[in-house]
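Hi,

Here is the structure I promised to pass on.

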Amino acid sequence: MMELFDMGKYNFYVWGSVAVFFIAMLADYISVSRKHKQIKRLIKAKGKRQRNQSANRRNNRDTNP
Amino acid sequence: MNRLLKFYHELGSPPSFYRITSHWLKPMLILAIVFTVYGLIDGLFFAPEDYQQGDSYRIIFVHVPAAWMSMFIYAIVGVSGIMAFVWRMKVAEAVMMASAPIGAIFTAITLLTGMLWGKPMWGTYWDWDARMTSELILLFLYIGVLGIYSAYDEDPRKAARLAALVAIIGLINLPIIRYSVYWWTSIHQGSSVSLMGESGIKDWDMLRPLLVMALATKFYYIYSMLNRAQTHLLKTEQNKNWVKKALIEVKTDVQPGAGS
């Protein structure tokens, strides 16, 4: 099994390249999904705030006419 | 043709772009992972050794797909830049700005893995050779597009137009990269795969993992680009009704009966 992973004197270069590829893809994946979640959370929070504000306004109008 | 045209117009409007592409994200990511796993196992363990370069040629399975993507994505950045500049399409702006980061990442992978391949084969990590220099300029072009967009943050639409201008001018670099190994004497080897079949890899066992990896990187690009484009549209259109409908009202409809 181990000789499959053995690239002789090129071990560092071949596995280094594969590592570069994986690290870059993983970094991109993490940053993409984090930014996507962040903006969704932001917009939802803003929507909630606006709904609460309009509900408060309605309540105030009902209690003191 | 008519249906294709209708689809194109549908994709041009942010709400339907968001709705349609939401269904594509997961399949694209799964395809990318499956193809990467298969392509790398096939390429690293089962493809035969090269008669000249030994095992070191296996770097090709990440280097060449990344290099293809770096140029392919720049072509998309340039074309959507033209669309954004001429027709002021919001989705084209989103696609352009969403493609640039992943393109820059693929360019960086190309340069780094190329250096790791150059050291054992040429005896040096870097040489100011035409292919390497033009690929480095490509990285700077990506950074330029991203930098100009984020530098002008008062008006994102104007910023996108400025970035599109840089992207369009940068298109001239693509044929330079492509033909650099033929126009100048270069230490970089010629094309690994050519459609006309006059040069490059002939062995199917070597070619197969390379083509599988090329598909895997394409699928990953589609995933990453669409995800970023959606984020871009949500951010720039956050005060529009469709965003509220897509994100907020769906959830509130579910809430009353959700306790069951």
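**What I found**

Chain B has a mean pLDDT of 90, and 93% of its residues reach 70 or more. Please keep in mind that this is a predicted model; its scores are ipTM 0.87 and pTM 0.90. One stretch to treat with care is residues 253-260 of chain B, where pLDDT stays under 50 and the model has zero contacts beyond four places in sequence. Where pLDDT is low, the predicted coordinates should not be read in detail.

Now to the contact between the chains. Chain A puts in 22 residues and chain B 33 residues. On the side of chain B that touches chain A, at least two residues come from each of α3 (25-46), α4 (60-87), α5 (90-122), α9 (204-236) and α10 (241-254). The top contributor to that side is α5(B), with ten residues. By type, the residues of this side of chain B are 18 nonpolar, nine polar and six charged.

Helix α2 of chain B (residues 14-22) is also worth a look: P14(B), F17(B) and Y18(B) are buried there. Viewed down the axis of α2(B), the buried residues lie within an arc of 100°, so they line one face of the helix.

Last, a backbone detail. R88(B) sits in the loop between α4 and α5 of chain B. Although R88(B) is not a glycine, its phi is positive, at about 55°. Most residues other than glycine have a negative phi.

Best wishes

Terms used: Residues are numbered from 1 along each chain as its sequence is written. Chains are lettered from A and ligands numbered from 1 in the order in which they are written. This is a predicted model: local features need pLDDT of at least 70, side-chain atom pairs count only at pLDDT 80 or more; totals for chains, interfaces and linings use all residues. Two residues are in contact if their C-beta atoms, placed from the backbone, lie within 7 Å. Helices (H or I, at least four residues) and strands (E, at least two) are DSSP runs, numbered from the N terminus. Ala, Val, Leu, Ile, Met, Phe, Trp, Tyr, Cys and Pro count as nonpolar, Asp, Glu, Lys and Arg as charged, and the others, Gly among them, as polar. A residue is buried if 20 or more other C-beta atoms lie within 10 Å of its own, exposed if 12 or fewer, and partly exposed in between; C-beta atoms are placed from the backbone. The arc is that of the directions from the helix axis to the C-beta atoms. pLDDT is the predictor's confidence in each residue, from 0 to 100.
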